[in-house]
Amino acid sequence: MTFLNFFISGISLGSIYAIIALGYTMVYGISKMLNFAHGDVIMVGAYICFYAVVRYGLNPFLAVAVAMVLCSVLGIIVEGLAYKPLRQAPSLAVLITAIGMSYFLQNTALLLWSSNPKVFPSVVGRGAFHMFNGNLSVSHITALTIIVCLVIMVALSLFVSKTKMGKAMRACSEDKGAAQLMGINVNATISMTFAIGSGLAAIAGALLCSAYPTLMPTTGSLPGIKAFTAAVFGGIGSIPGAFLGGLMLGVIEIFAKAYISSQLSDAVVFGVLIVVLLVKPAGLLGKMTQEKV
Amino acid sequence: MTMRRLINLKRAEARRIYLTYAIVIAAYIICQVMSSTKFLSSSMRGMLVPICAYMVMAVSLNLVVGILGELSLGHAGFMSVGAFSGVATAILLQGFIPFAPVRLAIAMIVAAVFAAFAGFVIGIPVLRLKGDYLAIVTLAFGEIIKSILNNFYLGVDSQGLHFSMLSDTTRLLPGGKLIIRGPMGISGIQKIATFPAGFILLMIALMIVFNLVNSRSGRAFMAIRDDRIAAESIGLDITKYKMMAFVMSAALAGSAGALFAMNYSTIVANKFDFNTSILILVFVVLGGQGNMLGGIIAAAVLTILPEKLRSFSEYRMLLYAIVLIVMMLATNNAEIKEFLSRLNPFRHKEEA
């Protein structure tokens, strides 16, 4: 039963990684950039939730909605100010700008909200479901996280494959020039992608801080890197890949903590990543691109 | 050898190399004079060695990022391998070699060897990958090195060296000494790193890199960077050249790490995390990829800048971030680029 318990908490942590990784992977798919500031959008989303609930007494679910909207706006602003002027620039310049943006968000948070850790109130309280005569207990937040992740995954897949905007996104990630010739507004599509990614980051922030309730300006950076790893793990640019990568990374991390060593769990996670990339150089579900000469 | 090579170079390239040496030497002399005439504040004096170490790191990473054209996000990992092996060596040699500069030199050489070995082992899997995947794997290795060093214990007693992982099970004999203490790192380091040593290391690094870049191998690196497929089709052994650049870069980073560590009394693995790797990458990108002098200047400016901004206290990292973003936006703006290239004195000669 302990195995099952670990497995469920792994899936739950993995769901959070998956939600963050979806943001990474969508942005990468469309603009081929590693958005290192994504992890800090999680933190901003969590702070907005925190203040909405604690100071303004909002319903937690309403607070998450507010955080989603504000983070989406933040995503659009960040993209417009920092990344849009660099569309034609070399990818390293964009990477450094993204890192600068990450520092900017962290330090703004530090000034606005101080470095004192805040105790985040759980979105659904601290209760748990007990099963099998109490041998297996699943906290409400764990269950909620898994459900939310599944819902997001299904909704996002439908959005990308069925709607006009989703098709535009896929077209832009294939070939921006051709997409523009077909009458797609490339700038608006990229902004929309950032908005969706940042909105998802806000949800991830609320879930992450409900499960691990310390909120600091640096809260987002490590989960950000892990989720980025998850996105690469599953094949960056692929939405099902991000989902699978996130879940697997969460499970591996929890198992490594439980059965190998809690201090070396990060090393195990990254070690598995390296092995996977050696066997499948484009990630689990990534497609290998043939180079034409 | 060096002379012949430089004579064979295009004049603009040779001039750029001599200019780099000249500026580094001039900067060293100015700093020495300022520091002996008490013109330099003590906080600035304390930063001279770290600045040298960061400059060597910038040169070393520039070899991978600028010349070879592969993005590495885990360079601090090699720095920490060098720091730990170098400091451990220096501590072990304390009784045998009383003369500090020799001990420092040996420690830096040992550090370079260990880091080069780490670079070789990591290079085998890493260099099979491409682009962003290669970058993420270097990031992963940087984190793995940090985790391992955080859980590594090394002790010495009359029976020799003992090491263990996770917890201290070295079981040292009485009179033995634990050198590396896992997450607490190494403490009680004798601060034997000096500014002249840093300067010499920087000059050696520059000589190695310039000679390498302007050799057959260096031209191969650049051919691989500019067009991998074309380079492969004319028979260049891509893996060999990539490995050569990677190992050389790791070795330089290792000795820089040893220099850096021996400027402090305590060193922990967490000092060399992802943020440090990024910091060094920022030096390289701001200085211009492949431009050694640019990287060196960026390293100096970006190390001093946060100190100088200290009067703004809590706003300083915010300002740093803004400077970073604005710099990237400005250097990639077509109009500003045009304006800057008009200021560059070498432009017409290179075109001619």
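Helices (H or I, at least four residues) and strands (E, at least two) are DSSP runs, numbered from the N terminus. The structure is a predicted model, in which local features need pLDDT of at least 70 and side-chain atom pairs count only at pLDDT 80 or more, while totals for chains, interfaces and linings use all residues. Residues are numbered from 1 along each chain as its sequence is written, and chains are lettered from A and ligands numbered from 1 in the order in which they are written.

**Exercise 1.** Describe the make-up and the overall form of chain A.

*Solution.* Begin with the elements: chain A has 11 helices and 4 strands. Next, take the extent, where the C-alpha atoms fill a box of roughly 60 × 45 × 35 Å along the principal axes. Then turn to the radius of gyration, which is taken over C-alpha atoms and compared with a globule rule of 2.2 Å times the number of residues to the power 0.38. For 293 residues a compact globule would have a value near 19 Å, and chain A, with 19 Å, agrees with this. Finally, 52% of the 293 residues of chain A count as buried, a term that requires 20 or more other C-beta atoms within 10 Å of a residue's own, whereas 12 or fewer make a residue exposed and counts in between make it partly exposed, with C-beta atoms placed from the backbone.

**Exercise 2.** Decide whether A:Val119 is buried or exposed, and find its contacts.

*Solution.* First locate the residue: A:Val119 is found in strand S1 (residues 118–119) of chain A. Now apply the cut-off, by which A:Val119 counts as exposed because it has 10 C-beta neighbours inside 10 Å. For contacts, two residues must have their C-beta atoms, placed from the backbone, within 7 Å. Leaving aside neighbours within four places in sequence, A:Val119 is in contact with A:Pro213 and A:Thr214.

**Exercise 3.** Work out how chain B meets chain A.

*Solution.* Start with the counts, which show 33 residues of chain B in contact with 35 residues of chain A. On the chain B side, helix H6 (131–150), helix H11 (274–287) and helix H13 (316–331) each supply at least two residues, and the largest share, 10 residues, comes from H6(B). Sorting this side of chain B by class then gives 24 nonpolar, 5 polar and 4 charged residues, where Ala, Val, Leu, Ile, Met, Phe, Trp, Tyr, Cys and Pro count as nonpolar, Asp, Glu, Lys and Arg as charged, and the others, Gly among them, as polar.
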